Amino acid sequence: MQRPRQLARMNEQAMTLELISAARRGDRDAFEALLRPLIDPAYRLALAMLSDRTAAEDAVQESALKAWRAVRRLRPDPESFRPWLLAIVANQCRDTRRRRWWTVLKFADLHPPDDPTTDPSGLVDLRQAIAQLPANDRLVLYLFFYLDLPLPEVAATLGISTAATKARLYRITRRLRPGLEISEVYQ
Amino acid sequence: MTDRLADEIRAMAEASYAPNPGIASRVIERVRQEPEPSRWAPWAKSTLAVALTAVVLVPVLGFGILLRANLLRLPLPGGESSDTTPALSLASTGPGGDWVVRRGLHLGRTSGSVPLANVLYQTADGGRTWTERLRFDGGYDGMSWDADGRDGTLWTVDWTQRSFALTVYATSDGGLHWLRRTPTAFPAAFAFFRGVEGWVYSQSPAARSDPAPIYHTTDAGATWTRVGTLDANSWGSTSGVGEDQFEFANARVGWFRTGGVAAPGDSGLWITTDGGHTWTSWVSVTPPAGLENADVILGYPVLFADGHAVLPVAFGRITDPVYARDPNHLVVSARYVYSSADGGLTWTNPQKLEAGGLQPQGSQYMQFYLDQKHWWITSVNDHPADNPVPQGQQFVARTVDGGQTWQVFPSPAIIQLMFSDSQHGWAEAVAGPNNTNILLRTADGGAHWQEAQVP
């Protein structure tokens, strides 16, 4: 017998699939219904990648347009829309970064306070460590830990396999926290 | 512990989060102003017109040729073929032929990731036809051939398990038959093979900053011997897809690159001259005039069969002392390539890496060195001017004289390059909103690229 939560999830998936099918036929309302709940995570992702509110909104807006123009090519899969849209956002942010390379080198203005010892949480160390990561590695962290995307969706957003995503995530977290066990990363 | 890490990452992201009231309405409104999406992608329209013309002129054969040459690309149907997003790896090109791995984890329609076998393909006709040579599990990590192209290895690392075990597949008949070795009992953070001889940098996931054992095999992984340790725990910064950090020029000389900015006592590059028994941090290069006080990142040595080698080096300045060793914070002022005639023991003759005023930079930077003279780089034109390729355009640049002169060609979004000679090469590129991997082939040194279909 199906549990209520499973049934609810199945209904939700069926509804999402219906919306995707309609959007693929050019139904603007269906596309908006899919897009609206993802604008905030898309903006958060763009802001984390670009550290610039205006640039982040531009990236989200441009990504939404690209998604709409390409919506007919979206796979009819209820779990495909979010990673697909976030992949477009990530690509858009990469393009933006390329155009303003020197700004990006000063990433995120994550300067520590004058006296790091006043931060008992160790957050300053983590900020510095994350700021030192390559941009694509930061993207993995944000997708997994900040946006709480499941691994297959992180993989789809990055355009790489789940195994590769897992390995990358493990390597990154291990660099941030050398004592981490691999099982702790994916729990 | 991970919860705390996740909490800290969230807190950090939230700390830099700036609310943007009304963004949803603005984005939705902008989409509403956009016309209904075309049933065909713009490029498909033009190619379809070409295809239809060809169909009229050459009813059957012409259409088949267009499809094979991938000049006609239609939107993916909703059927089974659109269900997967195969990932590709350029495996090897050279005496053993041209080899590509279609990696085995695909995104399923309803079930997330679906583990399928990796497939190793070989082509002998430039990618027109492919022969399946091996199906294998695990995370594909690399492939290597002996000089005659008969004996070879392909190895995988089990990234999904805590073991990080290495599995070696060996062939002695050019890839027609393969023998699977039992997975190693030791982990493999990095592995490198020269044909059937291999080394493993064996840092375990839980080893923290302990020195990593180095294991060595001379029989394609049938037996392994622990030969030494390497204490270079700051590793981790890679420069691009397909680039190694751990390599041996011969049975004795090997390199390990950390990717960090050079500092006293740690140049970021470690060398062994006794087959991996002992390692020392290699001293830095002599900078060109005017860059004597610059911060330095040593790239990865590229070693050729004739004993020559090249070493890419970036010079620049890190202005914030907090990031003193961080390569991401180096404001690069110039990139040079040093040469070695003794297998990488001494490096001289720095040649500036600059093509038509463009210096490679950014996350799209990828390079390939065939020999002392023939080099390729790919990057994106970050200049404000549309010269020599449009601004924002990715390009491939080629030199045939060791970096003295360059040709620059616009290119697709290439993430990996590989050449078997001065004219023939392969590239892996990404295309479309899903970053779909595509395989490209050139027969004119990178000036033009044509997509090759992998089964």
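Predicted model: local features only at pLDDT ≥ 70, side-chain atom pairs only at ≥ 80, totals over all residues.

**Entry: one glutamate and its surroundings**

Leaving aside residues up to four places away in sequence, I found Glu428(B) touching Leu88(B), Ser89(B), Leu90(B), Ala413(B), Ile414(B), Ile415(B), Gln416(B), Asn437(B) and Ile438(B). I placed Glu428(B) in strand 29 of chain B, which covers residues 425-431.

Is Glu428(B) buried or exposed? I noted a relative accessible area of 3% for Glu428(B), so this residue counts as buried, the cut-off being under 20%.

**Entry: the nonpolar cores**

Next I looked up the largest nonpolar core, which holds 65 residues. The members touching the most other members are Phe31(A), Leu35(A), Leu45(A), Leu141(A), Tyr142(A) and Leu143(A). I then asked which helix of chain A gives the most to this core. My answer is helix 2, residues 28-50, with 14 residues.

I also found a second, separate core of 22 residues, which includes Leu90(B), Trp130(B), Ile414(B) and Ile438(B). I was pleased to meet Leu90(B), Ile414(B) and Ile438(B) again, having listed them as contacts of Glu428(B).

**Entry: chain A as a whole**

I counted 10 helices and 0 strands in chain A. Chain A has 187 residues, and 60% of them count as buried. Among its contacts between residues at least 6 apart in sequence, 60% join residues at least 24 apart. Last, I wrote down an accessible surface of about 7,900 Å² for chain A, with 50% of that belonging to carbon and sulfur atoms.

Terms used: Residues numbered from 1 in each chain as written. Chains lettered and ligands numbered in written order. Heavy atoms only, no water. Helix = DSSP H or I, 4+ residues; strand = E, 2+ residues; numbered from the N terminus. Buried < 20%, exposed > 50% of the residue type's maximum accessible area, 1.4 Å probe, protein only. Contact = heavy atoms within 4.5 Å. Core = buried A, V, L, I, M, F, W, Y, C linked by side-chain atoms within 4.5 Å. Areas by Shrake-Rupley, 256 points an atom, 1.4 Å probe, with all protein chains shown as cover.
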